[in-house]
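Dear colleague,

I am passing on a structure that you have not worked with before, and my notes on it follow below. Please look through the sequence and the model first, and then read on.

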Amino acid sequence: MEWIYLLIAGLFETGWAVGLKYSDGLTKFYPVVFTVATLILSMYLLERALRTLPVGTAYAVWTGIGIIGTTIVGIYLFNESMNMSRLFFIGLIAVGIGGLKMVSA
């Protein structure tokens, strides 16, 4: 169950990172509310995962999911670069997450 908490926490991390982009320097009310809500949910679920997972593993996976999710959202919503080098290195992060899951089981 801790890995599911960690996955969802990483997705919420993506949410608050994107929310920051939409908040325009924390000046727009609804994006700020969204950002704070997803930040709280992300932290809560990360804390739940940390009850049984090693902190280094959980933190690396949590940030990795956030990086991958934020990159994908940035490509689709903000027209960010989708060049092969960037995608290759994002893929390495995904491989690292998979590796951490395998050695932590």
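Predicted model: local features only at pLDDT ≥ 70, side-chain atom pairs only at ≥ 80, totals over all residues.

As for how the helices pack, helix 2 (residues 29-50) and helix 3 (residues 55-78) meet at an angle of about 145°, their axes being 10 Å apart, and their crossing is right-handed. On the side of helix 2 the contact is made by Ser42, Met43, Leu46 and Leu50, and on the side of helix 3 by Val55, Ala58 and Trp62; six of these residues are nonpolar, one is polar and none is charged.

Helix 3 also packs with helix 4 (residues 84-104), where the axes come within 10 Å and cross at roughly 150°. Since angles over 145 degrees count as roughly antiparallel, helix 3 and helix 4 are therefore roughly antiparallel to each other. Their crossing is left-handed, and the residues that make the contact include Gly64, Ile68 and Thr71 of helix 3 as well as Arg86, Ile90 and Ala94 of helix 4. By class, this contact of helix 3 with helix 4 has 12 nonpolar, four polar and one charged residues.

Technical notes. Residues numbered from 1 in each chain as written. Heavy atoms only, no water. Axes fitted to C-alpha atoms, helices over the stretch in contact; angles between N-to-C directions. Helix = DSSP H or I, 4+ residues; strand = E, 2+ residues; numbered from the N terminus. Left-handed = near helix turned anticlockwise from the far one by under 90°. Contact = heavy atoms within 4.5 Å. Nonpolar A, V, L, I, M, F, W, Y, C, P; charged D, E, K, R; others polar. Parallel < 35°, antiparallel > 145°, perpendicular 65-115°, else oblique.
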